[in-house]
Amino acid sequence: MTKDAARARTAFEVSRGRQEKIVQAQPDYGPALCVLGLIDAALGRKDLALDEGRRAMALMPVEKISSTAAASFNISPLQQRGPWDKELALQQLEAGLRAPAASLMLSYGALKLFPIWDPLRGDPRFEKIVESLAPKDDASSVK
């Protein structure tokens, strides 16, 4: 893997142009808008990326998503955004846990171990969420 920032930026710019056309053709399709937000985040356009992420979440709120893949898709972009909004990420995480089918990305093990959650580690709200998902010792089953 080479570390060629100029080539990566060019690739993201090309991808952004293509993705923007998709979003223009389907302005109410949240996943396409979410991908555009990821591209803008990679290009360092934090405010634009956060705006696109918020609009995407408004179009496909986590609480109404029944697919576990879709639930994690809606939350994980928040962790990919370079300097991102922790408050927004925590709100989406909390909403994701209330989703009809909480994602495997939102399990105790995933929150504890997956690096995607590293930016939230140490935050008291995040740590409280992780602790609430921890396996409970069942003293009555131990003999």
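Before the first pair, a note on geometry: I take axes as lines fitted to C-alpha atoms, for helices over the stretch in contact, and angles run from 0 to 180 degrees between N-to-C directions. Helices (H or I, at least four residues) and strands (E, at least two) are DSSP runs, numbered from the N terminus.

**Ground rules.** I am working with a predicted model, where local features need pLDDT of at least 70, side-chain atom pairs count only at pLDDT 80 or more, and totals for chains, interfaces and linings use all residues. Residues are numbered from 1 along each chain as its sequence is written, and side-chain values use heavy atoms, with hydrogens and water left out.

**Overview.** I find seven helices and zero strands in the protein chain. Of its 143 residues, 36% count as buried (under 20% relative accessible area; exposed is over 50%, partly exposed in between, with a 1.4 Å probe and protein chains only). I also looked at contacts (heavy atoms within 4.5 Å): among those between residues at least 6 apart in sequence, 59% join residues at least 24 apart.

**H1 with H2.** Helix H1 (residues 5–25) packs on H2 at an angle of about 155 degrees, and the axes lie 9 Å apart. That makes the two roughly antiparallel (angles over 145 degrees; under 35 is roughly parallel, 65 to 115 roughly perpendicular, the rest oblique). Their crossing is left-handed, a label used if the near helix is turned anticlockwise from the far one by less than a right angle, with right-handed for clockwise. From H1 I noted Phe12, Ser15, Arg16, Gln19, Glu20, Ile22 and Val23, which meet Ala32, Leu33, Val35, Leu36, Ile39, Asp40 and Ala42 in H2. By class, this contact has nine nonpolar, two polar and three charged residues (Ala, Val, Leu, Ile, Met, Phe, Trp, Tyr, Cys and Pro are nonpolar; Asp, Glu, Lys and Arg are charged; the others, Gly among them, are polar).

**Arginine 16.** Leaving out residues up to four places away in sequence, I see arginine 16 touching Leu36, Ile39, Asp40, Leu43, Arg45, Leu48 and Glu52.

**H2 on its own.** H2 (residues 30–42) has 13 residues and reaches 19 Å from first C-alpha to last, close to the 18 Å expected at 1.5 Å a residue; the expected span is 1.5 Å times one less than the number of residues. Its buried residues include Leu33, Leu36, Ile39 and Asp40. After H2 comes glycine 44, with a positive phi near 85 degrees.

**H5 with H7.** Helix H5 (residues 86–97) and helix H7 (residues 124–133) pack at about 20 degrees, with axes 10 Å apart. That makes H5 roughly parallel to H7. This crossing is left-handed. Glu87, Leu90, Gln91, Leu93, Glu94 and Leu97 in H5 meet Arg125, Phe126, Ile129 and Leu133 in H7.

**Around H7.** Which residues does aspartate 123 touch? It sits in the loop between helix H6 (108–113) and H7, counts as buried at 17% relative accessibility, and touches Lys86 and Leu90, not counting residues up to four places away in sequence. Proline 135, in the segment after H7, counts as exposed at 63%. Its C-alpha is separated by 9.6 Å from that of glycine 109, 26 residues apart along the chain.
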